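Here is a friendly walk through the model shown below. Keep the viewer open as you read, and follow along residue by residue.

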Amino acid sequence: MKYKKIIILPALFILSNILYISCCKCIDSNQPFYKISNLFVRPYGSGNAVVDSNMVTQVDTLYLRYSSYINCVAQEQNPFSFLVNKTMACKCADCGRAGLKSKIRSLELTSDSIYNGIPANGSLNSIFKTYYYSNSVITVDSLKNAVNNNGVKLFSLELFTTTKPSNNKGHKLKLKIIFEDGSEVSALTGRLYWN
C-alpha cells in the first residue's frame, strides 16, 4: 500500500503539470496596446553624480532618466499557476506589443529659465538627445517619430546633453507628452544648477 502512494502522488503531480502546460495558451487580448498613465524623472550627471541637491554641480553630461507607469494587458492569468514553477510558466507576448494606444502628438522638453538663449518654456528638443537601440543617437523630435512609426516603447527613456546652460539661475526641466486622444503626462525635475 505504501508503494502505491509513493508512485501515485508523483505521477499525479507530473500529470497535473503536463495538463497545465498543454492547456496553457495566451489569450487574444482586446487591448494589445499600452498607455502611459504616469511619468517620473531622475536627473543625474556623468559618473552618476547627484545634480538635484540645490548645489552647483560640475559634470560633463546631464542625464534625465524617465520611467513610466503603463496600463496594458500582458498575459493570461491562470488559477493553477501555483502548481507550476515559474520557469515552466506560460510565455505570452510582451505587454503593449502593438504599441501606444494613442500616438504622440507632441513630445517637448522645456526649462523654466533661459537656456543658452532659448527663452523660458521654449523647446530644448534640439539640445537633448537619446539613444536609439543603443547604437545611434537621435533628437527628441526623432524619438517621437520612432515611437509613433517604428513601435519603440516608452517604458523608460533617457535624455542627455553636453550643452551647459549659460546662466547660473538653475533650471527646472519639464518633459511633457501629449497624445492624439488629448491625454497628457509630464515630469518635472527639481531645480538643477549645472556649469
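Between which two strands does the loop that holds Asn48 lie? Asn48 sits in the loop between strand E1 (35-45) and strand E2 (56-57); strands here are DSSP runs of at least two residues and helices (H or I) runs of at least four, numbered from the N terminus.

Before going further, a word on the ground rules. The model is predicted, so local features need pLDDT of at least 70 and side-chain atom pairs count only at pLDDT 80 or more, while totals for chains, interfaces and linings use all residues. Residues are numbered from 1 along each chain as its sequence is written, and side-chain values use heavy atoms, with hydrogens and water left out.

## Two asparagines with positive phi

Most residues other than glycine have a negative phi. Asn48 is not a glycine, yet its phi is positive, at about 60 degrees. Asn54 is found in the loop between E1 and E2 too, and its phi is about 65 degrees, again positive in a residue that is not a glycine. As for accessibility, Asn48 is exposed at a relative accessible area of 54%, and Asn54 is exposed at 56%. The classes are buried for under 20% relative accessible area, exposed for over 50% and partly exposed in between, with a 1.4 Å probe and protein chains only.

## A three-stranded sheet

Next, have a look at an open sheet of three strands, ordered E4-E8-E9 with antiparallel pairing. Its edge strands are E4 (104-111) and E9 (184-188), each of which pairs on one side only. From one strand to the next the twist averages 10 degrees, with axes taken as lines fitted to C-alpha atoms (for helices, over the stretch in contact) and angles running from 0 to 180 degrees between N-to-C directions. Seven bridges join E4 to strand E8 (residues 173-179) in the antiparallel sense; two strands pair if DSSP finds at least two bridges between them.

## Aromatic pairs

The structure holds five aromatic pairs. Rings of Phe, Tyr and Trp (its six-membered ring) pair if their centres lie within 6.5 Å, and planes under 30 degrees apart count as stacked, over 60 as edge-to-face and the rest as tilted.

Phe40 and Tyr69 are an edge-to-face pair, because their planes stand at 70 degrees, with ring centres 5.0 Å apart. Phe40 belongs to strand E1 and Tyr69 to strand E3 (residues 62-71), so this pair ties together parts that are 29 residues apart in sequence. Phe40 is partly exposed at 36% relative accessibility, whereas Tyr69 is exposed at 52%.

Tyr63 and Phe160 form a tilted pair, at 6.1 Å centre to centre and 40 degrees between the planes. With Tyr63 in strand E3 and Phe160 in strand E7 (residues 156-161), the pair ties together parts that are 97 residues apart in sequence. Tyr63 and Phe160 are both buried. Ring pairs also link Tyr44, Tyr63, Tyr131 and Phe160 into a cluster.

## Salt bridges

How many salt bridges does a search of the whole structure find? There are four, where a salt bridge means a side-chain nitrogen of Lys or Arg within 4 Å of a carboxyl oxygen of Asp or Glu. The table includes three of them.

| Residue | Residue | N to O distance |
|---|---|---|
| Glu158 | Arg65 | 2.9 Å |
| Asp112 | Arg191 | 2.5 Å |
| Lys176 | Glu184 | 3.5 Å |

Glu158 counts as buried at 18% relative accessibility, while Arg65 is partly exposed at 37%. In the pair of Lys176 and Glu184, Lys176 is partly exposed with a relative accessible area of 30%, and Glu184 is partly exposed with 46%.

## Around Tyr132

One last stop is Tyr132, in strand E5 (residues 129-132). Tyr132 and Leu143 are eleven residues apart in sequence, and their C-alpha atoms are 7.9 Å apart in space. Leaving aside neighbours within four places in sequence, Tyr132 is in contact (heavy atoms within 4.5 Å) with Ile138, Ala146, Asn150 and Val152.
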